Amino acid sequence: MWRIFLLTCTIAVGQSWHLKNSGTTATLRGVSVVNDKVIWISGSKGTIIRTVDGAVSVQNVSPKGVADLDFRDIEGISDSTAFAMSSGEGRSSRIYKTTDGGANWTMLQANGAEGFWDAFGMWDATHGILMGDPVDGKFTILTTSDGTSWTPQEGPKAEKDEAAFAGGGSALVVQGTREAWFVTGGLGGGRVLHSVDSGKTWTAVRVVKPAAETAGLYSLAFNGKRAVAVGGDYTKASDTAVNIALSADGVKWTVPQGKPLGYRSAVVNVGAKWLAVGMTGSDLSSDNGATWKGFDEGAFNGVSVKGTTCWAVGPAGRFGMLAE
């Protein structure tokens, strides 16, 4: 059992981060809240962590022999079942599955010699979709309908100098039983792509115009049809350029005057508020993204929410719960 400590970061907007000891110094990026007790976490050095008691204790359930992999995204289905995706050039991009709480992992799919996987999502325990950087001019799209085999689809055409980011594992999100969205960056990026048929066809809209290959949109989240996308430039962590876009219907997008206080790699909806996290801190919006208030200057990479239970992860094993 890991020794647990608690820190409270009080913030002016009435909420705080309660930080827990994750038992690792790995860079954590993927986090999936199944319920108020069960959380799955993933990161560098082949790290996967699970808690089934709300982080009173945590277990390192990393697959064996994969310390060279960087697990950027994880999707928890239950306390026993989860999918984890590693990101890297060529075959360093892989997807694994466990059905016994992480005691054993099965590699379901490995990328080919080209490409780089960015994010994936599960509509349910057997249906999911994965997105990766363009290969031969088209984004990589894989889907599963049985929770085991992943089938390549003809991905949407990419613009010149366009790619996606695996910063916090939330460049792609799913809703309902068939809808999916993903966001892009790079000099040719700044688009939101949308599928209503499980990734078979896509529509795209340009939302922002990034000024660098490291800039663009990194993450998006929904509350019903309303959506918020965040990003920026990870090499300019305090820069607010091109770091926010809003939609009332998931189709038409606007850029508000109010912005998070820097590059933000992940965003979620928490009750009546929106939360964005990044390397220079966290921000909350109570007006659907029109304005933002910053708090807690500590770094986070990824964030996940189920109901009002919200956890975030970051560098050097940083792991915290948002609480009143």
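Select strand E20 (residues 226–233) and strand E21 (residues 244–247): four bridges join them, and they run antiparallel. Strands here are DSSP runs of at least two E residues, numbered from the N terminus. This is a predicted model, in which local features need pLDDT of at least 70 and side-chain atom pairs count only at pLDDT 80 or more, while totals for chains, interfaces and linings use all residues. Residues are numbered from 1 along each chain as its sequence is written, and side-chain values use heavy atoms, without hydrogens and water.

Then widen the selection to the open antiparallel sheet of four strands, ordered E19-E20-E21-E22; strands pair if DSSP finds at least two bridges between them. Strand E19 (215–223) and strand E22 (253–254) are the edges, each pairing on one side only.

Next, go to Met 131, Phe 182, Leu 220 and Trp 253, which have the most contacts inside the largest nonpolar core, a set of 28 residues. Such a core consists of buried Ala, Val, Leu, Ile, Met, Phe, Trp, Tyr and Cys residues joined through side-chain atoms within 4.5 Å; buried means under 20% relative accessible area with a 1.4 Å probe, protein chains only. E16 (179–183) gives the most to this core, with four residues.

Centre on Phe 182. Beyond four places in sequence, its contacts (heavy atoms within 4.5 Å) include Met 131, Pro 156, Arg 191, Trp 202 and Leu 220.

Finish at Val 66, in the loop between strand E6 (59–60) and strand E7 (71–76). Val 66 counts as buried because its relative accessibility is 6%. Beyond four places in sequence, Val 66 touches Lys 45, Gly 46, Phe 71, Arg 94 and Tyr 96.

Conventions:
Buried means under 20% relative accessible area, exposed over 50%, partly exposed in between (1.4 Å probe, protein chains only).
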